[in-house]
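Please consult the structure shown below while reading.

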Amino acid sequence: MAFENCAIISGYTKDCRNSIGGIKTVYITELQNKSSITSASGAISAFTLTSGKKFWTFELEQATATASEVVKPNAPNGSYYVEQTLNFKVPKRSALFSYQIKNLAQNDLMVIVLDMNGTYWLLGENNGLKMQDSTNSFGTAMADMNGYDLQFLAMENDNAKTVASNLIATLTSPA
């Protein structure tokens, strides 16, 4: 039996050991704001949003965010999907951000993650990220976190794609 649509197209060659973990910034918009995406081989080269929409920038403190993907194949069912998770902290509680959390929880989201290697990745491209149980904490001791620990989950057809860095300025300005 031939598997023409899922042929292995390349191998992997070890690279320099200069990759670092962590996330610098996340950019968030509603999934419904997506107008069109052009991609090939896991890289997005063109991306437009509906008129007047944009990705909102969430600047993060160092070492307070993580994103991951878990490939979820099911051989007996002949199925496959990718579970994408995003967790990040926002220090310092505020009335405005508490209201914003409600908006994040009520929408399916697309998120662009800027990793510490300078690469942009799109999460929730087709089905959107959904907020999971998240915590608003006051802390106990004076040095404790007083803020938000936000959790998001997506179930997507494919792994996250890279987003060309030259698209970010346009995507973070109203279309």
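Strand β5 supplies the largest share of the lining of the largest pocket, namely five residues. The model is a predicted one.

**Largest pocket**
- The volume of the largest pocket is about 430 Å³.
- Its lining consists of 20 residues. Those that lie nearest the centre of the pocket are Ala67, Ser68, Glu69, Trp121 and Ala160.
- Two or more lining residues come from each of the elements β5 (65–74), β7 (109–115) and β8 (120–123).
- When the lining of the largest pocket is divided by class, nine residues are nonpolar, seven are polar and four are charged.

**Second largest pocket**
- The second largest pocket has a computed volume of about 150 Å³.
- The residues Asn5, Cys6, Ala7, Ile9 and Asp158 form the lining of the second largest pocket.
- Three of the residues lining the second largest pocket are nonpolar, one is polar and one is charged.

**Asp115**
- Asp115 belongs to strand β7, an element that also gives two or more residues to the lining of the largest pocket.
- Although Asp115 is buried, this residue has no salt bridge. The nearest side chain of opposite charge is that of Lys24, at 7.8 Å, whereas a salt bridge requires a side-chain nitrogen of Lys or Arg within 4 Å of a carboxyl oxygen of Asp or Glu.
- The side chain of Asp115 does reach the backbone nitrogen of Asn117, at 2.9 Å.

How values were computed
Residues are numbered from 1 along each chain as its sequence is written. This is a predicted model: local features need pLDDT of at least 70, side-chain atom pairs count only at pLDDT 80 or more; totals for chains, interfaces and linings use all residues. Side-chain values use heavy atoms; hydrogens and water are left out. On a 1 Å grid over the protein atoms alone, a cavity is a set of points where a 1.4 Å probe fits but cannot get out, and a pocket is an open set with protein on both sides within 12 Å along at least five of seven lines; lining residues have an atom within 4 Å of a point. Grid points are joined across faces, edges and corners, and a volume is the space filled by probe spheres set on the points. Helices (H or I, at least four residues) and strands (E, at least two) are DSSP runs, numbered from the N terminus. Ala, Val, Leu, Ile, Met, Phe, Trp, Tyr, Cys and Pro count as nonpolar, Asp, Glu, Lys and Arg as charged, and the others, Gly among them, as polar. Buried means under 20% relative accessible area, exposed over 50%, partly exposed in between (1.4 Å probe, protein chains only). Lys and Arg count as positive and Asp and Glu as negative; His and the chain ends are not counted. A polar contact is a pair of N or O atoms within 3.5 Å; within protein, one must be able to donate a hydrogen and the other to accept it, and residues adjacent in sequence count only if both atoms are side-chain atoms.
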